[in-house]
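These are my notebook entries on a single model, set down in the order in which I looked things up.

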Amino acid sequence: MSFEPIGAITIVVGLFCLLFGTRSTVVAFVVFCTLGSAAALLLGGANVQPAHLFLVFLAISTLFWRKTSITMLEALKITEPGFWLLCLVLYGVLSSYVMPRLFADATYIIPLGTSTHLSTYDGAVPLGPVSSNLTQPIYLIGDLVCFLMIATVGSTQRGLATLATALTAYAATNIGFGILDLLTSATGTQEALQFIRNAQYTFHDEETIGTMRRIIGSWPEASAFASMTLGALGFTGMLWLCGRNPLVTGSLALLSLLFVVISTSSTGLVGSVVVLGLLYVTAVQRCSMRPQDRFSAAAVVLGPLVLCLIVLLVLVTEGVAERIYEYVDTLILSKAQTDSGVQRSYWNTLAWQNFFDSRGLGVGLGTNRTSSFPLAVLSNVGVPGAVFYLLFLATVFGVRRGEPRSYSSDVRAASRLACLSLLTGSIIAGPTVDQSLLFYVFAGVASAWPERERLPAAQSAGLVSDPLALASMRSALR
């Protein structure tokens with residue numbers, strides 16, 4: 001076991017946040033989700049990221065109050081998405097132990113972790129237990145805990161507003177790390193970011209596409225940075241369309257889009273088209289003459305005009321169209337012929353075979369690596385896991401909550417769009433069933449229902465029982 005400096009920083013920040021209250025803890029936790037390349041603890045070959053370590057402080061801050069503990073248990077009812085996510089986790093944990101042994105040597109896999117078998121020339125090994133059969137269930141359990149606590153925090157109006165602030169801060173922090181990555185690369189001072197790039201991953205921080213360096217920010221590779229930035233783009237772009245803090249959210253959305261495009265990631269480039277399309281469709285649906293919909297109306301009117309203007313400028317400027325075509329061709333059109341494209345295609349082919357060889361039950365959570373999230377689900381946890389996950393998504397997206405066009409409804413809509421944005425990136429290049437804590441933060445906010453909150457008699461008499469409010473009072477008294 002190795003305790004890293006970023007781990008010490010995480011604990012210090014966590015202790016201070018406990019003193020300042022739940023709101024500070026929630027914001028810090030969401031911001032820590034940006035550190036996708038950092039390891040607070042190194043346990044053998046496993047990495048414990050700062051956000052996963054900070055879950056402990058979030059749990060202490062959230063579950064200390066009896067009311068929030070009850071709310072968290074209510075999030076596990078069969079009608080709630082937490083129940084179906086719990087089913088996915090239980091099946092995933094069971095499959096991670098049983099399936100690699102039940103179907104041992106029945107098929108070949110691309111191991112996600114280390115295997116006792118010697119790999120073939122293409123990296124495949126006979127099916128059997130691997131080290132990631134332990135780490136991936138832990139990550140998925142962390143996703144469940146994260147989802148339940150975020151949904152619990154969002155069960156009050158104050159909590160939901162705090163989560164909206166935290167996710168906006170996440171978008172700003174992610175852009176900040178992207179800028180730092182560019183600056184340190186330009187000045188030859190990349191070592192300054194090594195304390196947050198200490199995880200036992202394969203880093204791709206020196207790769208280039210043509211003359212452009214690939215941006216990874218605080219993530220291990222450009223694809224991961226672009227995927228996570230897509231979530232920030234979807235969230236802030238939707239809040240801008242809703243007219244919520246438009247100066248901040250609009251600026252963050254534009255910067256997020258810029259970094260996705262220049263990250264040189266095919267995942268980001270394709271995903272950005274999908275996200276912008278979703279945002280435009282949403283703007284058309286919200287468009288009206290009411291003042292609160294003026295940004296949606298502006299997007300509907302100006303969006304096609306701006307697009308036409310950009311196309312005309314590209315066509316009349318000599319050499320620009322050719323360079324853009326080369327850029328798109330390198331990242332997308334010719335991607336399948338590259339070594340990386342051939343390798344990822346082979347992973348997916350083998351994962352599809354794993355699904356059939358395991359009789360549709362999966363080879364076990366964390367057993368094999370893929371390059372597409374749907375194939376990761378089918379090959380790892382099979383049909384049962386896929387059904388549980390689809391029911392989870394259906395209850396997150398399909399249940400109408402609260403009054404339309406209200407602040408809570410707009411934040412939930414932004415979170416749902418952010419979930420779709422992250423899901424788009426995962427479908428294109430997701431290697432595992434774990435979609436990161438950030439996805440479940442957005443899903444938790446999308447499932448929050450503060451309108452159901454009933455003020456108890458003590459609160460109506462002037463007393464405060466909301467843990468977020470109590471935390472603020474406690475901090476003030478100190």
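**Basis.** I am working with a predicted model, in which local features need pLDDT of at least 70 and side-chain atom pairs count only at pLDDT 80 or more, while totals for chains, interfaces and linings use all residues. Residues are numbered from 1 along each chain as its sequence is written, and side-chain values use heavy atoms, with hydrogens and water left out.

**Salt bridges.** I took a salt bridge to be a side-chain nitrogen of Lys or Arg within 4 Å of a carboxyl oxygen of Asp or Glu. My search of the whole structure returned six salt bridges. Arg 286 meets Asp 293 at 3.8 Å, N to O, and meets Asp 410 at 3.4 Å. The latter pair links distant parts of the chain, with Arg 286 in helix H10 (residues 266–286) and Asp 410 in helix H15, 124 residues apart. For helices I used DSSP runs of H or I of at least four residues, numbered from the N terminus.

I called a residue buried under 20% relative accessible area, exposed over 50% and partly exposed in between, with a 1.4 Å probe and protein chains only.

Arg 405 forms a salt bridge with Asp 293, the closest N and O atoms being 2.8 Å apart. Arg 405 is in the loop between H14 and H15 and Asp 293 in the loop between H10 and H11, so this pair ties together parts 112 residues apart in sequence. Asp 293 is buried at 0% relative accessible area, whereas Arg 405 is partly exposed at 25%. Through shared partners, salt bridges join Arg 244, Arg 286, Asp 293, Arg 405 and Asp 410 into one network.

**Backbone angles.** I noted a positive phi, near 70°, at Arg 405, which is a residue other than glycine. Arg 359 also has a positive phi, of about 60°, and is not a glycine. Arg 359 lies in the loop between helix H13 (339–357) and H14, and it counts as exposed at 66% relative accessibility.

**Aromatic contacts.** I paired rings of Phe, Tyr and Trp (its six-membered ring) with centres within 6.5 Å, calling planes under 30 degrees apart stacked, over 60 edge-to-face and the rest tilted. The count comes to 14 aromatic pairs. Phe 225 and Phe 259 are edge-to-face, 6.3 Å centre to centre with 80° between the planes. Phe 225 lies in helix H8 (residues 222–241) and Phe 259 in helix H9 (residues 246–262), so the pair ties together parts 34 residues apart in sequence. Both Phe 225 and Phe 259 are buried.

Tyr 389 and Phe 392 have ring centres 6.2 Å apart and planes at 45°, so I recorded the pair as tilted. The two lie three residues apart in helix H14 (residues 373–397), about one turn of the helix. Ring pairs link Tyr 389 and Phe 392 with Phe 147, Phe 373, Phe 439 and Tyr 440 into a cluster.

**Helix H6.** I found 18 of the 22 residues of H6 buried, so H6 is largely enclosed by the rest of the structure.

**Surface.** I located Leu 309 in helix H11 (residues 294–316). Leu 309 is partly exposed at 49% relative accessibility.
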